[in-house]
Structures are given as structure tokens and as C-alpha cells.
Amino acid sequence: MGKALDRIRIQTGDITKLDVDAIVNAANTSLLGGGGVDGAIHRAAGRELEFECRMLDGCNVGDAKITKGYKLPARHIIHTVGPVWQGGGRGEAELLASCYVRSLELAAANDCRSVAFPAISTGVYRYPKDAATEIAVGTVSMIIEQKTMPETVIFCCFDEHMAELYQRTVAALRKG
Ligand code: AR6
């Protein structure tokens, strides 16, 4: 796992500002925009993003779809739909892991060398932050270990507290 962890970066800030090949959006099943990071991405990318999203016919929980980045510095947006936290007994962990797996598959299929993820499901969808972070880091490191693309995965945290949680989770995985 050590080599894969070297390809992971943790940053704090607004994901819409990142100059990467793809940013991931924590969307809802309609893919037509919303609040949180979804709202920020739609505002920054412009109305053309919504036109493309209308053609996609929504997205299932745990799945992902890709669009262009429009006015963003990022070339692509990978829209994924995290699970709403309902206590943990409704397959939430598997669905959240699937968001990372499907997003990385789309990134590799579209030659994305760098991808940035927000902390999917940890806002409006209320997934406990520590459990979500373990799934994010664990799933991404397991997948990229077996592949050369994407070369770099950024976890873009909105605040320092979240970034420290990611740092601790990566450090724990390094120790094994
Ligand atoms: N850059 C990076 N991270 C951000 C940003 C940003 N600009 N804005 C918020 N976050 P959320 P969810 C963080 O609620 O829980 C929407 O209405 C935020 O602090 O955006 O998956 C959709 O349409 C949190 O840690 O997504 C759905 O209906 C993380 O991003 C629903 O919310 C995710 O919070 C999805 O809920």
C-alpha cells in the first residue's frame, strides 16, 4: 500500500479552483445541481454544465458519470452520487466505496492523470466523517495500487479539521 499512498495528496480549499484533469462532484441522482460542493461546481462551471447533465438521465447511488469542465480549470467533472447516511445498515459503506471505484474507473478511461475528490456524503448526506474518510482513503489506495492511472489523487478538504482527519487516516494506513 505504501507506493499508492505516495500518490495521494491532501489539500484544504475550494475544489472548483483546482487545475487538475478531473474534479469529482458529490451530486444527487438528478445530476441537475443542488447545494454544497454540487452547487459550487455548477456555479463555477456555468449553465452549459447543466445542459450536458440534462442529457445524462440521472445517476444511481454509488455510480458515476463524466462531463466536460466548462469554465472550471479542471478538464472534466466526474459526478458521483453518495449514499444518504441512514445508520449504516442500508449498504452505505459499500455504496460509498463504489463512488470512489466508479469515479476512478471513469478517470482512467478518460486519461486523467490527476483527480480531486471532495469528502463525498459527509455534508448534506450526513455520513460520519471518520468512517467516510477511512472508506475514501482505503478504497482509493487499494484501487490505484493496481493501476498506473490516475497518477495523483487529491483529497480536497473544505476545512482544516477534515484535512487533519485525512492526514491521520493516511498515516495509520502507512503504519499498516
Ligand atoms: N470544495 C470542496 N469541498 C466542499 C466544497 C467545495 N467548494 N463545498 C462543500 N464541500 P456536500 P454530500 C465539502 O453536502 O454530503 C448537494 O445538495 C463539505 O464540507 O456538498 O455528498 C447535492 O446536490 C463536505 O465535507 O455533499 C446532494 O443533494 C463535502 O464537501 C447532496 O448535497 C460534501 O458535502 C450531497 O450531499
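**Close-up views of a predicted model**

**View 1**
With a relative accessible area of 51%, Arg-126 is exposed (exposed means over 50%, buried under 20%, and partly exposed in between, using a 1.4 Å probe and protein chains only). The model is predicted, so to speak of a local feature a pLDDT of at least 70 is needed, side-chain atom pairs count only at pLDDT 80 or more, and totals for chains, interfaces and linings use all residues. Residues are numbered from 1 along each chain as its sequence is written, and side-chain values use heavy atoms, with hydrogens and water left out. To find Arg-126, look in the loop between E5 and H5 (helices are DSSP runs of H or I with at least four residues, strands are runs of E with at least two, and both are numbered from the N terminus). Most residues other than glycine have a negative phi.

**View 1. Ser-121, a buried residue with a positive phi.**
Stay in the loop between E5 and H5, where Ser-121 lies. Phi of Ser-121 is near 75°, a positive value in a residue other than glycine. Is Ser-121 buried or exposed? Ser-121 counts as buried because its relative accessibility is 5%.

Thr-122 is found in the loop between strand E5 (114-117) and helix H5 (129-145). Its relative accessibility is 12%, so Thr-122 counts as buried. Two polar contacts can be picked out here (a polar contact is a pair of N or O atoms within 3.5 Å; within protein, one must be able to donate a hydrogen and the other to accept it, and residues adjacent in sequence count only if both atoms are side-chain atoms). A polar side-chain atom of Thr-122 lies 2.8 Å from an oxygen atom of the ligand. The side chain of Thr-122 also reaches the backbone oxygen of Ala-119, at 2.8 Å.

How many residues surround the ligand? There are 21, and the closest are Asn-28, Gly-35, Val-37, Asp-38 and Val-124 (to be near the ligand, a residue needs a heavy atom within 4 Å of it). Strand E2 (22-27) and helix H2 (36-45) each supply at least two residues of this shell. The largest share, four residues, comes from H2. By residue kind, the shell divides into 10 nonpolar, nine polar and two charged residues (Ala, Val, Leu, Ile, Met, Phe, Trp, Tyr, Cys and Pro count as nonpolar, Asp, Glu, Lys and Arg as charged, and the others, Gly among them, as polar).

For Ile-15, a backbone N or O atom lies 3.0 Å from a nitrogen atom of the ligand. For Gly-35, a backbone N or O atom lies 2.7 Å from an oxygen atom of the ligand. Taken alone, the ligand exposes 700 Å², and the protein buries 89% of that (areas come from the Shrake-Rupley method with a 1.4 Å probe; for residues, only the protein chains shown count as cover).

**View 2. Ser-141 in helix H5.**
Ser-141 lies in helix H5. With a relative accessibility of 0%, Ser-141 counts as buried. The side chain of Ser-141 reaches the backbone oxygen of Gly-138 at 3.2 Å.

Which two residues does a cis peptide bond join? They are Met-149 and Pro-150, and omega is about -10°. Most peptide bonds are trans. Pro-150 is found in the loop between H5 and strand E6 (152-157).

Asp-159 has its place in the loop between E6 and helix H6 (160-175). Asp-159 is partly exposed, with a relative accessible area of 37%. A polar atom of the Asp-159 side chain lies 3.2 Å from the backbone nitrogen of His-161. The backbone nitrogen of Met-162 lies 2.8 Å from a polar atom of the Asp-159 side chain. Along the chain, Asp-159 and Gln-11 are 148 residues apart, and their C-alpha atoms are separated by 9.2 Å.

**View 3. Thr-29 and Ala-172.**
Thr-29 lies in the loop between E2 and H2. Its relative accessible area is 41%, so Thr-29 is partly exposed. Thr-29 and Ala-172 are 143 residues apart in sequence and 33 Å apart in space, C-alpha to C-alpha.
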